[in-house]
Amino acid sequence: MSVAALAATPAAPHAQPQTAAAGVRSRDGGGTTIRVPLRLVVGAQYPDAALSTYVKIAALALRPEGCTAKVSVIAEYLGTSKSTVERGLKPLRSPDPVDGITEVPTVQRTLPGGRGQSAHRVTRPLAEGELWVQIPVRAAEALTPRLLRMYAIITYATARRIPLTAAELGEMLHHHTGKHAGESLSERQARRLVDELELTGWLTVDRRGGEQGRHAYETHGRPLHSVLAAPEAAALEDPVPEQLPLWEQASPVVYDGSGPGDHDGSLASEEDHLTDRPVNCAPPVGVSRRRRGDRKWVGEPVDDATGEVPDTFRPGASRAPRGNRPTPPPAGQPYAGPELRWTERIHTALAPVRHLISSETSRFMLRRVAREIGHQLDDVARTLVTPERMAARIAARYRDARDIRDVAAWLLAVAVVPRGCGQPLCEDGRTWPTGERCETCAHQRQITREEWRRARAWEEELAELRARRAAPLPKATYRERSQATADEVLAVAAEHGPAAALHRYGVLAAGPVLRTAYGDLPGPVASVAVPTAAPRPALEETPMGDYMPDSFRAAIDRAAPTGALSIPCPEPGCLAGTGQCCTSGRGRTRAPHASRETAAAQGGEES
């Protein structure tokens, strides 16, 4: 209570304010209830909008075809904005990061023509023994998402006979946006939500009537209408001086704060004291000044002639103005755009489908169809399109159509679109008006078929090459190499290539044969060029002066250099060249052959 009220004269006799549950009557009719998993109500990973969206989708999914409503339709049913429903749908149709459960399995649908449809949504069946809360569908439509979550928590606690405090209720609700995202609500905020829920008629609070002085809560399956109290039987005889009302319904609830409640957000305006920032004190135009305890400028009182009590137990046309979206217009609003100019040529062009056009066809889409047809008919000097030709085009495509749900959209996307090679008289590969095949289109089809044939051939060759690389020919054993004949080597080279033959039989067995047949040894089997390694140092090098003393050479029992590596090896079957080591019959490195040492010694004597 303000200081001005405390300083006022004693209050006149008045009645105490009634609570929302005092003097109530039940709203007629029942409603559908939905069993909601308790994990969706108490889970901090789900936003408040997810609960309202789940209840409405579950109610629509009771139909045999399931829930096929668009997001905008669900938002209109719930009285919220489209972005709110999308925020609630996102965690419902995705696996839960905690346990991987998807509450609302969603299937995207597309028509055969490529135009998208609304998604098909169903709810996950409850597991055996899973905890759930039963929520009326009417509550999801009437309450805000946060109040609906509070209602669901209290409903579950009441059914389980669990006593609750305001602090415990605040711990079950969380901020999902702003700098306090992820934090629990405070006790003061929880009390504020309980008071708001009580005023809607969905909850009755018995103050201090529960266990150990707690409040006792009772939720209702339908809201309760308040009954106005009867007027006083007689007025007071002596007039009472004017004073401040102690129970003023129009004053905002500040909850011990400095401004009205803003739903846990910041105030819409800041305080502007007249003491430090003086302003013009002239009264605004259209208002009168009354001296009150708060000394504020107020408007003229409005006399409500109807005397009706506003209905606070269900939403109005839309709750979207709470955000940044305007109230959508009613669904049955007539078309207010410019009228359709239905000329004779448009009438002739649409002759094959005139029976499909009705009063339910969108006038806006018909104007777009007529405008598109008019553009093609106006360019008759280039396209040679006449009303009769347009009618024949529409008739030919109407014969091939399946199910046309929106004739205007079908005309605009399929029927009136020119198709062909680009020649003026070409209509879907036929020449207008003779109906003969278009030579340009036939030639283009031949080119396309040839390109596809080449592509398939290339794909087969690529698959064959990949198979060869994946499974190369195995190397022959030593016995197979020693017994291989020239015909066997050439047969493998003819079938798999000389590189494969060299890979299978080795250089000693296949090298001479391949040199004779192909003139040179083939490269490696792998197509990727492998960098050649540096040549291995020879076992015996040409002496470089006195690089090793004879005494040290004799001490290590190393033979004196003979200079055999300076010439190629003349031994039959050995392919060692200048600077290379001799090899044995198995291809292993060995000491220089005797014939090579003899030839080197003779060459040294001759020089």
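Which residues line the largest cavity?

## The cavity

In this predicted model, there is one cavity of 30 Å³ or more. The largest cavity has a volume of about 40 Å³. Its lining is made up of Ala-49, Ser-52, Thr-53, Leu-78, Thr-80, Thr-84, Val-85 and Pro-145.

Sorted by class, four residues of this lining are nonpolar, four are polar and none is charged. Helices H3 and H5 each supply at least two of the lining residues. H3 gives the most, with three residues.

## Helix H5

Helix H5 covers residues 82-92, and its buried residues are Thr-84, Val-85, Gly-88, Leu-89 and Leu-92. Seen down the helix axis, these buried residues fall within an arc of 130°, so they line one face of H5. An α-helix has 3.6 residues a turn, so residues three or four places apart point the same way.

The buried residues of H5 pack against helix H2 (38-42), helix H3 (48-60), helix H4 (71-78) and strand S4 (120-121). On the face of H5 turned away from the buried side are the exposed residues Arg-87 and Lys-90. Two of the buried residues of H5, Thr-84 and Val-85, also belong to the lining of the largest cavity.

## Thr-383

Thr-383 is part of helix H12, which spans residues 380-383. Is Thr-383 buried or exposed? Its relative accessible area is 18%. The cut-off for buried is under 20%, so Thr-383 counts as buried.

Apart from its neighbours within four places in sequence, Thr-383 is in contact with Gln-376, Arg-389 and Pro-424. A polar atom of the Thr-383 side chain lies 3.5 Å from the backbone oxygen of Gln-376.

Technical notes
Residues numbered from 1 in each chain as written. Predicted model: local features only at pLDDT ≥ 70, side-chain atom pairs only at ≥ 80, totals over all residues. Heavy atoms only, no water. Helix = DSSP H or I, 4+ residues; strand = E, 2+ residues; numbered from the N terminus. Buried < 20%, exposed > 50% of the residue type's maximum accessible area, 1.4 Å probe, protein only. Polar contact = N/O pair within 3.5 Å; in protein donor to acceptor, adjacent residues only side chain to side chain. Contact = heavy atoms within 4.5 Å. Arc of directions from axis to C-beta. 1 Å grid on protein atoms, 1.4 Å probe; cavity = no way out; pocket = protein on both sides within 12 Å on 5 of 7 lines; lining within 4 Å. Points joined across faces, edges and corners; volume = space filled by probe spheres on them. Nonpolar A, V, L, I, M, F, W, Y, C, P; charged D, E, K, R; others polar.
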